[in-house]
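Dear colleague,

I am handing over the structure we spoke about, and below it you will find my notes on what turned up in it. Please read them with the structure open beside you.

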Amino acid sequence: RTATYFFIFLNLSLAVFEEPAVYPLPFLVTSLAEVLCLLVFLGRLMHFAKVTLRDVFWKDTKNICIMVAILLSLTDLAIYGVLRIYNVKSIRWSRVVRPIFLINFAESRQIRRAFRSIRNTLPEITYVFLLFMFSILMFSLMALKLFGERNLLTAEGLPYFKNYLEIVFDLYVLVTTANSPDVMMPAFDFSSWYTLFFIAFVIVNTYIFMSLFLAVVYNNYKKHLKVMFGG
């Protein structure tokens, strides 16, 4: 079990050293490390197949997922290596399948339970999320109508709230207050009354919707976790 966790951790940590990387290492080093991890995963799977009935083994979706992930990783690694030889720039798209090894091995039962609870929770929070996005879209439309025709400029000299999609993104970021108060300063300089729009947006979306969203996620996750553990 310790060895399995070690190679899973090693496989996931390769993203730190592969291009684009925080601490880049030569491609040969990272590719050999990944091949070693995949061989260990394959050996672990073959060992499990020998001690399990054939019908049981092939009906277990966890084993199928691991085999598919290994095949995709090896295929992507081979394609990336060939393209690299011919100096063709490409990306490692198989990185997204690496968490599959963490979830689907038999040793990761607790992680799998948590993941299953999250998966069961998602459909039940969809309505709250859609309502939240609808609120942002409506506020964005209001912002376009309020500020789009005022010919306002940002501090960088760019048009302020002229493009609807950019408004949606700016207001989405405002939910986190990461761009506050910068996002409202051009409107504030034009008229201080326009701050009421942003205050209303923050109250509705940051304080009400985010609290509601968190409560729904927590309650549903706790409910599914209790059902799973028979509580």
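Over residues 193-218, the chain is 92% helix and 0% strand, with 37 Å between the end C-alpha atoms; please keep in mind that this is a predicted model. The stretch is one of those that UniProt, in an unreviewed entry, labels "transmembrane region", the others being residues 25-43, 64-86 and 125-144. Residues 125-144 are 100% helix and 0% strand, and their end C-alpha atoms are 29 Å apart.

Leucine 171 touches Ile136, Phe139, Ser140, Phe161, Phe198 and Phe201, when residues up to four places away in sequence are not counted.

On the surface, Trp58, Ile64, Val68, Leu72, Ile91 and Trp93 form a nonpolar patch, and together they have about 580 Å² of accessible area. Helix H4 (residues 61-85) gives the largest share of this patch, namely 3 residues. Leucine 72 lies in helix H4, and it counts as partly exposed because its relative accessibility is 31%, a value in between the cut-offs of 20% for buried and 50% for exposed.

With best wishes

Conventions. Residues numbered from 1 in each chain as written. Predicted model: local features only at pLDDT ≥ 70, side-chain atom pairs only at ≥ 80, totals over all residues. Heavy atoms only, no water. Contact = heavy atoms within 4.5 Å. Patch = residues over 30% accessible without salt bridge, like charges linked within 9 Å, V, L, I, M, F, W, Y side chains within 5 Å. Areas by Shrake-Rupley, 256 points an atom, 1.4 Å probe, with all protein chains shown as cover. Salt bridge = Lys/Arg side-chain N within 4 Å of Asp/Glu carboxyl O. Helix = DSSP H or I, 4+ residues; strand = E, 2+ residues; numbered from the N terminus. Buried < 20%, exposed > 50% of the residue type's maximum accessible area, 1.4 Å probe, protein only. UniProt positions renumbered as here; feature names shortened; annotations may be inferred.
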